[in-house]
Amino acid sequence: MKIPEIFTSNPNEFNQPPIEQASTIPSSWYHDQEVYDFEQNVLFARNWQYVCHQDQLKNVGDVVHATIAGNPILVIKTKDEGIRAFYNVCKHRGGPLAVKKGTTTVLQCQYHGWTYLTDGSLRGVPDWNLVELFDEKNFGLEPIELSFWDGLIFARIESGGPDLQQIVKGISDRISPISMEKLQFYNEVVYDINCNWKVYLDNYLEGYHIPIVHPELANLLDYKNYVTEAYPWYSLQHSPFKGEDNVYQTEEGEAFYYFLFPNMMLNILPGRLQVNLVEPVSTNRCKVYFWYFYDDLSAKESTGIIKDDLEYSEVIQQEDIEICEAVQRGLQSKAYDKGRFSVKRELGVYHFQSLLKKLFQSVL
Ligand code: FES
Ligand SMILES: [Fe+2]
(Lines give C-alpha, C1' and ligand atoms only; values in the text may rest on other atoms or scores of the structure.)
(Ligands and ions follow the chains in the order given, each with its own letter.)
Protein backbone atom coordinates (compact mmCIF):
# COMPACT_ATOMS: atom_id res chain seq x y z
CA MET A 1 0.00 0.00 0.00
CA LYS A 2 1.35 3.38 -0.98
CA ILE A 3 1.77 5.99 1.76
CA PRO A 4 0.77 9.40 0.40
CA GLU A 5 3.72 11.63 -0.29
CA ILE A 6 2.11 14.52 1.61
CA PHE A 7 1.98 12.31 4.71
CA THR A 8 5.65 11.36 4.65
CA SER A 9 6.79 14.90 3.87
CA ASN A 10 4.84 16.38 6.83
CA PRO A 11 5.07 13.90 9.74
CA ASN A 12 4.29 16.66 12.28
CA GLU A 13 0.81 16.90 10.81
CA PHE A 14 -0.21 13.91 12.89
CA ASN A 15 0.49 15.43 16.30
CA GLN A 16 -2.88 16.66 17.41
CA PRO A 17 -2.84 19.52 19.95
CA PRO A 18 -5.91 20.23 22.13
CA ILE A 19 -8.85 21.82 20.30
CA GLU A 20 -7.97 25.29 21.63
CA GLN A 21 -4.73 25.18 19.66
CA ALA A 22 -5.48 22.71 16.87
CA SER A 23 -5.77 23.39 13.16
CA THR A 24 -8.12 21.62 10.78
CA ILE A 25 -6.65 18.91 8.51
CA PRO A 26 -4.79 20.26 5.45
CA SER A 27 -6.94 21.05 2.44
CA SER A 28 -4.92 18.63 0.27
CA TRP A 29 -6.43 15.75 2.26
CA TYR A 30 -9.73 16.67 0.64
CA HIS A 31 -8.55 16.32 -2.94
CA ASP A 32 -5.29 14.38 -3.17
CA GLN A 33 -5.64 11.09 -5.07
CA GLU A 34 -3.04 9.29 -2.93
CA VAL A 35 -4.87 10.26 0.26
CA TYR A 36 -8.12 9.01 -1.25
CA ASP A 37 -6.58 5.64 -2.17
CA PHE A 38 -4.97 5.36 1.25
CA GLU A 39 -8.32 6.03 2.95
CA GLN A 40 -10.01 3.34 0.87
CA ASN A 41 -7.34 0.83 1.93
CA VAL A 42 -6.88 1.58 5.59
CA LEU A 43 -10.16 3.19 6.58
CA PHE A 44 -13.00 1.75 4.54
CA ALA A 45 -11.65 -1.74 3.90
CA ARG A 46 -10.63 -2.35 7.52
CA ASN A 47 -13.51 -0.80 9.43
CA TRP A 48 -17.06 -2.02 9.82
CA GLN A 49 -19.35 -0.53 7.20
CA TYR A 50 -23.09 -0.28 7.68
CA VAL A 51 -24.99 -2.25 5.04
CA CYS A 52 -28.66 -2.42 6.04
CA HIS A 53 -31.24 -3.06 8.75
CA GLN A 54 -32.43 -6.63 9.34
CA ASP A 55 -35.94 -5.52 8.36
CA GLN A 56 -34.62 -5.23 4.76
CA LEU A 57 -33.76 -8.96 4.83
CA LYS A 58 -36.99 -10.40 6.18
CA ASN A 59 -37.60 -13.14 3.60
CA VAL A 60 -35.39 -15.90 2.26
CA GLY A 61 -33.82 -14.61 -0.95
CA ASP A 62 -33.97 -10.91 0.04
CA VAL A 63 -30.78 -9.20 -1.11
CA VAL A 64 -29.17 -5.86 -0.31
CA HIS A 65 -26.31 -4.46 -2.40
CA ALA A 66 -23.56 -2.20 -1.10
CA THR A 67 -20.12 -0.88 -1.99
CA ILE A 68 -17.23 -1.11 0.44
CA ALA A 69 -13.95 0.61 -0.42
CA GLY A 70 -15.02 0.45 -4.07
CA ASN A 71 -15.92 -3.26 -3.91
CA PRO A 72 -19.43 -4.42 -4.84
CA ILE A 73 -20.90 -6.69 -2.19
CA LEU A 74 -24.24 -8.36 -1.57
CA VAL A 75 -25.94 -9.53 1.59
CA ILE A 76 -28.58 -12.25 1.36
CA LYS A 77 -31.09 -13.94 3.66
CA THR A 78 -30.44 -17.68 3.27
CA LYS A 79 -32.69 -20.73 3.49
CA ASP A 80 -31.61 -21.57 7.04
CA GLU A 81 -32.73 -18.01 8.06
CA GLY A 82 -29.12 -16.93 8.25
CA ILE A 83 -27.62 -13.82 6.71
CA ARG A 84 -24.50 -14.05 4.56
CA ALA A 85 -22.41 -11.60 2.57
CA PHE A 86 -20.24 -12.08 -0.51
CA TYR A 87 -18.39 -9.97 -3.00
CA ASN A 88 -20.92 -9.44 -5.74
CA VAL A 89 -18.44 -10.75 -8.28
CA CYS A 90 -18.81 -13.89 -10.38
CA LYS A 91 -15.72 -16.08 -10.55
CA HIS A 92 -16.04 -16.60 -14.31
CA ARG A 93 -15.27 -13.12 -15.62
CA GLY A 94 -16.38 -10.77 -12.85
CA GLY A 95 -20.08 -10.31 -13.61
CA PRO A 96 -22.70 -9.17 -11.05
CA LEU A 97 -25.13 -11.58 -9.42
CA ALA A 98 -28.85 -11.56 -8.72
CA VAL A 99 -31.29 -14.04 -7.24
CA LYS A 100 -32.30 -16.36 -10.09
CA LYS A 101 -35.85 -15.76 -11.30
CA GLY A 102 -38.32 -18.18 -9.75
CA THR A 103 -35.96 -19.14 -6.90
CA THR A 104 -34.98 -17.69 -3.52
CA THR A 105 -31.90 -19.79 -2.92
CA VAL A 106 -29.89 -19.56 -6.11
CA LEU A 107 -27.73 -16.64 -7.17
CA GLN A 108 -27.21 -16.26 -10.89
CA CYS A 109 -24.58 -14.25 -12.70
CA GLN A 110 -26.16 -11.62 -14.94
CA TYR A 111 -23.49 -12.10 -17.62
CA HIS A 112 -23.30 -15.77 -18.72
CA GLY A 113 -25.57 -17.37 -16.14
CA TRP A 114 -23.28 -19.28 -13.78
CA THR A 115 -25.25 -20.15 -10.67
CA TYR A 116 -24.23 -20.31 -7.03
CA LEU A 117 -25.94 -21.51 -3.84
CA THR A 118 -26.35 -19.10 -0.94
CA ASP A 119 -23.42 -20.72 0.85
CA GLY A 120 -21.32 -19.35 -2.03
CA SER A 121 -20.62 -22.69 -3.72
CA LEU A 122 -20.68 -22.89 -7.51
CA ARG A 123 -23.61 -24.95 -8.65
CA GLY A 124 -24.23 -24.68 -12.37
CA VAL A 125 -22.03 -23.78 -15.32
CA PRO A 126 -23.65 -23.72 -18.78
CA ASP A 127 -21.75 -25.22 -21.77
CA TRP A 128 -18.73 -26.31 -19.80
CA ASN A 129 -18.26 -29.95 -20.83
CA LEU A 130 -15.07 -29.43 -22.87
CA VAL A 131 -13.26 -27.48 -20.15
CA GLU A 132 -10.30 -29.27 -18.57
CA LEU A 133 -8.46 -28.94 -15.26
CA PHE A 134 -11.40 -27.13 -13.66
CA ASP A 135 -12.21 -27.68 -9.99
CA GLU A 136 -15.49 -25.95 -9.12
CA LYS A 137 -14.43 -25.82 -5.45
CA ASN A 138 -11.97 -23.10 -6.41
CA PHE A 139 -14.68 -21.00 -8.03
CA GLY A 140 -17.05 -20.27 -5.14
CA LEU A 141 -18.09 -16.73 -4.22
CA GLU A 142 -15.73 -14.85 -1.88
CA PRO A 143 -17.38 -14.54 1.55
CA ILE A 144 -17.37 -11.35 3.63
CA GLU A 145 -17.45 -10.99 7.41
CA LEU A 146 -20.61 -9.60 9.05
CA SER A 147 -21.38 -8.16 12.46
CA PHE A 148 -24.73 -7.28 14.03
CA TRP A 149 -25.89 -4.68 16.53
CA ASP A 150 -29.45 -3.82 17.58
CA GLY A 151 -30.96 -4.83 14.22
CA LEU A 152 -28.23 -3.14 12.16
CA ILE A 153 -25.96 -5.17 9.87
CA PHE A 154 -22.34 -4.26 9.18
CA ALA A 155 -19.76 -5.80 6.83
CA ARG A 156 -15.99 -5.64 6.69
CA ILE A 157 -13.75 -6.79 3.87
CA GLU A 158 -10.45 -6.87 5.82
CA SER A 159 -9.67 -7.14 9.49
CA GLY A 160 -7.68 -4.48 11.29
CA GLY A 161 -10.04 -1.89 12.79
CA PRO A 162 -11.81 -2.08 16.15
CA ASP A 163 -14.63 -4.56 16.87
CA LEU A 164 -18.13 -3.35 16.18
CA GLN A 165 -19.15 -3.78 19.83
CA GLN A 166 -16.21 -1.62 20.86
CA ILE A 167 -17.28 1.11 18.43
CA VAL A 168 -20.90 1.32 19.57
CA LYS A 169 -20.22 0.77 23.29
CA GLY A 170 -22.62 2.81 25.41
CA ILE A 171 -25.10 3.82 22.69
CA SER A 172 -27.78 1.20 23.46
CA ASP A 173 -27.81 2.18 27.15
CA ARG A 174 -27.98 5.86 26.32
CA ILE A 175 -30.91 5.60 23.90
CA SER A 176 -32.86 3.07 26.03
CA PRO A 177 -35.83 2.47 26.06
CA ILE A 178 -35.52 3.07 22.30
CA SER A 179 -34.45 -0.04 20.45
CA MET A 180 -33.64 0.08 16.74
CA GLU A 181 -34.17 -3.64 16.21
CA LYS A 182 -37.96 -3.56 15.90
CA LEU A 183 -38.15 -0.66 13.48
CA GLN A 184 -39.60 -1.06 10.00
CA PHE A 185 -37.79 0.06 6.86
CA TYR A 186 -39.61 2.76 4.89
CA ASN A 187 -37.36 3.93 2.06
CA GLU A 188 -33.96 4.95 0.75
CA VAL A 189 -32.98 8.32 -0.69
CA VAL A 190 -29.55 8.75 -2.29
CA TYR A 191 -27.76 12.01 -3.03
CA ASP A 192 -24.76 12.41 -5.37
CA ILE A 193 -22.69 15.27 -4.04
CA ASN A 194 -19.68 17.02 -5.55
CA CYS A 195 -17.52 17.09 -2.46
CA ASN A 196 -15.02 14.87 -0.68
CA TRP A 197 -16.71 12.54 1.83
CA LYS A 198 -14.99 14.34 4.73
CA VAL A 199 -16.50 17.70 3.75
CA TYR A 200 -19.96 16.23 4.19
CA LEU A 201 -19.03 14.71 7.56
CA ASP A 202 -17.33 17.84 8.88
CA ASN A 203 -20.54 19.67 8.07
CA TYR A 204 -22.76 17.09 9.79
CA LEU A 205 -20.58 17.21 12.88
CA GLU A 206 -21.23 20.80 13.89
CA GLY A 207 -24.21 23.02 14.57
CA TYR A 208 -22.08 26.13 14.01
CA HIS A 209 -23.49 26.56 10.49
CA ILE A 210 -27.14 26.21 11.47
CA PRO A 211 -27.99 29.93 11.96
CA ILE A 212 -26.57 30.82 8.52
CA VAL A 213 -27.26 27.75 6.36
CA HIS A 214 -30.53 26.52 7.92
CA PRO A 215 -32.36 29.57 9.28
CA GLU A 216 -35.63 27.60 9.53
CA LEU A 217 -33.88 24.96 11.66
CA ALA A 218 -32.36 27.67 13.84
CA ASN A 219 -35.90 28.70 14.74
CA LEU A 220 -36.73 25.21 15.97
CA LEU A 221 -33.59 24.44 17.93
CA ASP A 222 -32.56 25.86 21.23
CA TYR A 223 -29.16 26.67 19.72
CA LYS A 224 -27.68 28.02 22.96
CA ASN A 225 -28.11 24.59 24.56
CA TYR A 226 -26.80 22.58 21.61
CA VAL A 227 -24.38 20.00 23.02
CA THR A 228 -21.69 17.80 21.44
CA GLU A 229 -20.19 14.87 23.34
CA ALA A 230 -17.13 12.95 22.14
CA TYR A 231 -16.50 9.25 22.84
CA PRO A 232 -13.72 6.92 21.69
CA TRP A 233 -15.31 5.93 18.34
CA TYR A 234 -18.38 8.14 18.02
CA SER A 235 -19.74 11.54 18.88
CA LEU A 236 -23.22 12.63 19.86
CA GLN A 237 -24.99 15.90 19.18
CA HIS A 238 -28.23 16.83 20.80
CA SER A 239 -30.26 19.96 21.22
CA PRO A 240 -33.55 20.71 22.92
CA PHE A 241 -36.32 22.07 20.68
CA LYS A 242 -37.97 25.46 21.04
CA GLY A 243 -41.75 25.60 21.00
CA GLU A 244 -44.11 22.75 20.38
CA ASP A 245 -45.18 22.90 16.81
CA ASN A 246 -42.39 21.40 14.75
CA VAL A 247 -41.75 18.26 12.77
CA TYR A 248 -39.08 16.98 15.11
CA GLN A 249 -41.06 17.60 18.28
CA THR A 250 -41.24 14.40 20.26
CA GLU A 251 -43.80 13.69 22.90
CA GLU A 252 -41.44 11.93 25.18
CA GLY A 253 -37.70 11.48 25.13
CA GLU A 254 -35.05 13.36 23.21
CA ALA A 255 -33.40 13.20 19.83
CA PHE A 256 -29.89 11.80 19.40
CA TYR A 257 -27.62 12.54 16.45
CA TYR A 258 -24.77 10.05 16.48
CA PHE A 259 -21.76 9.91 14.22
CA LEU A 260 -20.03 6.51 14.16
CA PHE A 261 -16.49 6.44 12.83
CA PRO A 262 -15.66 6.47 10.00
CA ASN A 263 -18.75 7.37 7.91
CA MET A 264 -22.13 6.56 9.44
CA MET A 265 -24.77 8.58 11.23
CA LEU A 266 -27.73 7.50 13.34
CA ASN A 267 -30.42 10.09 13.81
CA ILE A 268 -32.61 8.60 16.51
CA LEU A 269 -35.95 9.92 17.70
CA PRO A 270 -38.63 8.01 19.58
CA GLY A 271 -40.41 5.85 17.00
CA ARG A 272 -38.16 6.98 14.15
CA LEU A 273 -34.68 6.39 12.87
CA GLN A 274 -32.77 7.87 9.98
CA VAL A 275 -29.50 6.19 9.08
CA ASN A 276 -27.02 8.06 6.88
CA LEU A 277 -23.93 6.68 5.22
CA VAL A 278 -21.35 8.76 3.37
CA GLU A 279 -19.72 6.68 0.65
CA PRO A 280 -16.61 8.06 -1.06
CA VAL A 281 -16.85 7.94 -4.87
CA SER A 282 -13.73 9.90 -5.87
CA THR A 283 -11.54 12.62 -4.37
CA ASN A 284 -14.27 15.20 -4.89
CA ARG A 285 -17.46 13.18 -5.04
CA CYS A 286 -19.47 11.19 -2.53
CA LYS A 287 -22.83 9.50 -2.25
CA VAL A 288 -24.94 10.09 0.81
CA TYR A 289 -27.60 7.52 1.66
CA PHE A 290 -30.62 8.31 3.81
CA TRP A 291 -32.58 5.30 5.07
CA TYR A 292 -35.82 5.99 6.92
CA PHE A 293 -37.30 3.68 9.57
CA TYR A 294 -40.45 3.98 11.69
CA ASP A 295 -41.90 1.92 14.50
CA ASP A 296 -45.20 1.21 12.84
CA LEU A 297 -45.68 1.85 9.13
CA SER A 298 -49.27 0.62 9.18
CA ALA A 299 -50.41 3.09 11.84
CA LYS A 300 -52.58 5.93 10.48
CA GLU A 301 -50.60 8.65 12.26
CA SER A 302 -47.41 7.45 10.57
CA THR A 303 -48.40 8.79 7.13
CA GLY A 304 -48.33 12.43 8.22
CA ILE A 305 -45.16 12.05 10.26
CA ILE A 306 -43.35 10.34 7.38
CA LYS A 307 -44.39 12.95 4.83
CA ASP A 308 -43.29 15.85 7.08
CA ASP A 309 -40.08 14.06 7.95
CA LEU A 310 -39.09 13.44 4.33
CA GLU A 311 -40.02 16.91 3.11
CA TYR A 312 -38.23 18.61 5.94
CA SER A 313 -35.04 16.63 5.65
CA GLU A 314 -35.01 17.23 1.87
CA VAL A 315 -34.93 21.00 2.46
CA ILE A 316 -32.11 20.75 5.01
CA GLN A 317 -30.22 18.34 2.76
CA GLN A 318 -30.34 20.66 -0.27
CA GLU A 319 -28.96 23.49 1.88
CA ASP A 320 -26.17 21.24 3.13
CA ILE A 321 -25.34 20.01 -0.39
CA GLU A 322 -25.03 23.55 -1.71
CA ILE A 323 -22.68 24.64 1.06
CA CYS A 324 -20.61 21.42 0.94
CA GLU A 325 -20.04 21.76 -2.81
CA ALA A 326 -18.99 25.39 -2.37
CA VAL A 327 -16.62 24.38 0.46
CA GLN A 328 -15.03 21.71 -1.75
CA ARG A 329 -14.26 24.40 -4.35
CA GLY A 330 -12.82 26.57 -1.57
CA LEU A 331 -10.63 23.76 -0.26
CA GLN A 332 -9.27 23.12 -3.76
CA SER A 333 -8.45 26.79 -4.27
CA LYS A 334 -4.99 28.29 -3.88
CA ALA A 335 -6.29 30.49 -1.07
CA TYR A 336 -6.66 27.88 1.62
CA ASP A 337 -4.62 25.33 3.53
CA LYS A 338 -5.77 24.95 7.15
CA GLY A 339 -8.26 26.63 9.46
CA ARG A 340 -9.08 26.56 13.20
CA PHE A 341 -11.93 25.29 15.39
CA SER A 342 -14.60 27.02 17.46
CA VAL A 343 -14.04 25.36 20.85
CA LYS A 344 -17.70 25.83 21.69
CA ARG A 345 -19.19 24.68 18.40
CA GLU A 346 -16.83 22.37 16.54
CA LEU A 347 -15.85 19.64 18.99
CA GLY A 348 -17.44 17.01 16.71
CA VAL A 349 -15.29 18.05 13.73
CA TYR A 350 -12.16 18.15 15.89
CA HIS A 351 -12.97 14.69 17.27
CA PHE A 352 -13.49 13.22 13.78
CA GLN A 353 -10.29 14.75 12.41
CA SER A 354 -8.35 13.62 15.50
CA LEU A 355 -9.49 10.02 14.94
CA LEU A 356 -8.45 10.25 11.30
CA LYS A 357 -5.00 11.53 12.19
CA LYS A 358 -4.56 8.86 14.87
CA LEU A 359 -5.60 6.08 12.55
CA PHE A 360 -3.43 7.27 9.66
CA GLN A 361 -0.45 7.69 11.94
CA SER A 362 -0.89 4.16 13.28
CA VAL A 363 -0.32 2.68 9.83
CA LEU A 364 2.46 4.96 8.60
S1 FES B 1 -19.02 -13.53 -15.64
FE2 FES B 1 -20.42 -14.68 -14.53
S3 FES B 1 -21.06 -16.21 -15.86
FE4 FES B 1 -19.59 -15.12 -16.97
FE1 LIG C 1 -26.51 21.28 7.94
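In this predicted model, 32 Å separate the centres of domain 1 and domain 2, taken over C-alpha atoms. The bounds, which come from an automatic or database domain assignment, are 18–47 + 169–363 for domain 1 and 49–149 for domain 2. Where the two meet, the contact (heavy atoms within 4.5 Å) takes 21 residues from domain 1 and 12 residues from domain 2.

Residues are numbered from 1 along each chain as its sequence is written, while chains are lettered from A and ligands numbered from 1 in the order in which they are written. Because the model is predicted, local features need pLDDT of at least 70 and side-chain atom pairs count only at pLDDT 80 or more, whereas totals for chains, interfaces and linings use all residues; side-chain values use heavy atoms, with hydrogens and water left out. Helices (H or I, at least four residues) and strands (E, at least two) are DSSP runs, numbered from the N terminus. Two strands are said to pair if DSSP finds at least two bridges between them.

We turn to the sheets. Six strands make up an open sheet with antiparallel pairing, in the order β1-β10-β9-β4-β3-β2. Its edge strands are β1 (49–53) and β2 (63–68), each of which pairs on one side only. On average, and with direction ignored, neighbouring strands here are turned by 30° against each other; such angles are taken between axes, that is, lines fitted to C-alpha atoms (for helices over the stretch in contact), and run from 0 to 180 degrees between N-to-C directions.

Within this sheet, β4 (residues 83–87) and β9 (residues 143–149) pair in the antiparallel sense over two bridges, and the bridge partner of F86 in β9 is P143. On to β10 (residues 152–156): β9 and β10 are joined by five bridges, again in the antiparallel sense, with W149 opposite L152 in β10. The hairpin of β9 and β10 has two residues between the strands, and D150 in the turn has a positive phi of about 45°.

A second open sheet holds four strands in the order β5-β6-β7-β8, with antiparallel pairing. Strands β5 and β8 (122–124) stand at the edges with a single partner strand each, so one side of each is left without a neighbour in the sheet.

Three bridges link β5 (residues 97–99) to β6 (residues 106–109) in the antiparallel sense, and L97 has C109 in β6 as its bridge partner. Six residues lie between the strands of this β5 and β6 hairpin, where G102 takes a positive phi near 85°. Strand β6 is also joined to β7 (residues 115–117) by three bridges, with the strands running antiparallel; Q108 stands opposite T115 in β7. The hairpin of β6 and β7 has five residues between the strands, and G113 there takes a positive phi near 85°. Finally, β7 and β8 pair in the antiparallel sense over two bridges, with T115 opposite G124 in β8.

The axes of α5 and α8 (residues 300–331) come within 9 Å and cross at roughly 125°. That makes α5 oblique to α8, since angles under 35 degrees count as roughly parallel, over 145 as roughly antiparallel, 65 to 115 as roughly perpendicular and the rest as oblique. In this contact, V199, Y200 and N203 of α5 meet Q317, D320, I323, C324, V327, Q328 and L331 of α8. By class, the contact of α5 with α8 has six nonpolar, three polar and one charged residues; Ala, Val, Leu, Ile, Met, Phe, Trp, Tyr, Cys and Pro count as nonpolar, Asp, Glu, Lys and Arg as charged, and the others, Gly among them, as polar.

Helix α5 also meets α9 (residues 347–363): their axes come within 8 Å and cross at roughly 140°. That makes α5 oblique to α9 as well. Here W197, K198, L201 and D202 in α5 contact V349, F352, Q353 and L356 in α9. The contact of α5 with α9 has five nonpolar, one polar and two charged residues by class.
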